Structures are given as C-alpha cells and as structure tokens.
Amino acid sequence: MNNCVHQCHMARKRFGQNFLHDSSIIDAIVAAIHPEPSQAIVEIGPGLGALTKPVAERVDAMTIIELDYDLAARLASYPFFQSKLNIVQQDAITVDFSALSAERGQPLRIFGNLPYNISTPLMFHLFNYTYAIRDMHFMLQKEVVNRLVAGPNSKAYGRLSVMTQYYCNIIPILEVPPASFRPAPKVDSVVVRLVPYATLPFPVRDLSKLATLTSLAFNQRRKTLRNSLGSLFSAQQLAEQGIDAALRAENLSVEYYCQLANVLAERPVSQD
Ligand code: SAM
C-alpha cells in the first residue's frame, strides 16, 4: 500500500506538517514576500520545498531551518538547492537569529508556513531578535491572526495581541483555505506580514515588567483590574495613571500596558 501523502513523504503530525500544493497560493505568497537577490532570506519549516524553490530561484542564497531530519536531507540532495541553501537542521525555537543576521551583515527577512503547534512560542522567540529582523511573513491559523491584530474591547484581544503590537506592525495579506494543503488542516489559514518597528511606538524600559503585567491581567481576564493587578497597583495608583480600576484586561490599550510597565520599572527594588 502506498501511504504517501505528498511527494512520497508521510506527513508527520508531531511536526505540524501540512504541505502547500496550490500553485496560485504559492505564487501569491512569494509575490507578497518579494525576495530580492542579495537579501538575507530565512525560511522556517521548508518541508518539501513548495515555497523554498520559487524563493531560491529569486535569490543568490538563503537559509532554511527544518527540524525534520528526513526533509532537511531530502532538500540537501537536490542539485539545484545545493548551491543556494544554507541548511540548518534544528528546532527554530533554539536558533540564534542575531547570529544569522550578523553572518549576512544585514537584517533578516524571515518567512514560513509555520507548524501551528509552535507558532506562538516561535513568534515570542523571534520578538527577542526584532532588531535583527527586517520583516516576517507567516502562514498562521486564521484564529491566531485575529488575535494578533485584535484591538481592545474584543474577545480576541489578549497577551499575544499586546506583545505582538508592541514590537510589530501587523498586516494580514491573504486567506488560505484548507484545500490548499496536503493533508488539509481543519482550520482556515491567513498569511500575515509582521514588520518590526524601527522606532517603538510605546517603548518600555524593562520588558519583563510588560510580560508580568499582561500575564497577570489576561490570566484573569474576567476580573476587574482592581483584582487582577491588585498585587501591583491599588485602585488609587491606577487612577493616577488615568485608568479606571473597574475595567478588565481586555479594555486596556497597548499604550496603557506600556505606561504601567514603565511605572513598575521606576519603582525602587524592594529590600525584603
Ligand atoms: N513550508 C512547507 C509548505 O508550505 O509546504 C511545509 C510547511 S509545514 C506546515 C511546517 C514545516 O515546519 C514542516 O516541514 C515541519 O517539519 C517543520 N517544523 C516543525 N517544527 C519545526 C521546528 N520546531 N523548527 C523548524 N521546523 C519545524
């Protein structure tokens, strides 16, 4: 029995493998990325090379990061790719993207049809390197893109929205139906462009404070800020920042979260 799902490769669920096969979608994604020959292009999760090949045709060299040993070896065996690809067979969450950028002497242009099971932690990892990244194009679950772009006062607005909007301008590009993949996923997908800000709109002095605040607030999103942030701010202290303590996590803008993070950063370190 032939169990090939696509190009005689058995898709591995644990690696989130759903391979693109729709040529009009592939063309649209490559057009959106618009790779230029000498740019420092990095693909995360090239799989069977659906996006890798058309992008490699447009550039002098590119780096691919693929966790699946068999797929990395398969790409390495194609003569066309051998001259072009720097193959990193590694978990993308452990990759030092600033070193990759330093090797190429320019900011990275990263793209990938990301494995959905790791897309959020991977984006958080990449946010540590936004100074070394020019832009990112990712295929994500539509529901995740809705969370990335969500503004205050909506259900989709959460920690992921605040942290992503802190670092990046977010532009949804293209909806992709399940039938464009083999095997077809159960959810709709969207290609999104993330462009790190050259100048942050609301810079914070200590990012760990922003992380703490958003975790505290959104982990208890049904509670009022008086309760969810009560260990850090009294209602009076919130009022001094122009914030009503009766509001909930989802009512507070990115700007207010950053403002509160800066208040925390200025507090003297406790002597306890
Ligand atoms: N780019 C191909 C395409 O569009 O057809 C494959 C996309 S598939 C959704 C995700 C790819 O990411 C797979 O090739 C999978 O093996 C790879 N992958 C999964 N986890 C990874 C990780 N932690 N680091 C790097 N690659 C990973």
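**Reading the pocket, ligand and cavities**

Me: How much space lies in the largest pocket?

Reply: About 830 Å³. A probe the size of a water molecule, rolled over the atoms, shows where empty space is left. A pocket is an open set of 1 Å grid points over the protein atoms alone, with protein on both sides within 12 Å along at least five of seven lines. Volume is the space filled by probe spheres set on points joined across faces, edges and corners. This is a predicted model, where local features need pLDDT of at least 70, side-chain atom pairs count only at pLDDT 80 or more, and totals for chains, interfaces and linings use all residues. Residues are numbered from 1 along each chain as its sequence is written, and side-chain values use heavy atoms, without hydrogens and water.

Me: Which residues of the lining lie nearest the centre of the largest pocket?

Reply: F15, G16, Q17, N18 and P115, out of 43 lining residues; lining means having an atom within 4 Å of a point. β1 (19–20) and β2 (40–44) are the elements that give two or more residues to this lining. Strands are DSSP runs of E, at least two residues, and helices are runs of H or I, at least four.

Me: What takes up the space of the largest pocket?

Reply: The ligand. It counts as sitting there if more than half of its atoms lie within 2 Å of the grid points. The ligand is surrounded by 22 residues, and L20, G45, E66, D91 and N113 are the closest; a heavy atom within 4 Å qualifies a residue.

Me: Which atom of D91 lies 2.8 Å from a nitrogen atom of the ligand?

Reply: A polar side-chain atom. Such a polar contact is a pair of N or O atoms within 3.5 Å. L20 uses a polar backbone atom, 2.8 Å from a ligand oxygen.

Me: How many cavities of 30 Å³ or more does a search of the whole structure find?

Reply: Two. In a cavity, a 1.4 Å probe fits but cannot get out. The largest cavity holds about 40 Å³. Its lining includes I29, L51, F111 and H137. β5 (108–113) and β6 (133–141) are the elements that give two or more residues to that lining.

Me: Which element gives the largest share of the lining of the second largest cavity?

Reply: β2, with three residues. This cavity has a volume of about 30 Å³. Among its lining residues are A40, T63 and R104.

Methods. Polar contact = N/O pair within 3.5 Å; in protein donor to acceptor, adjacent residues only side chain to side chain.
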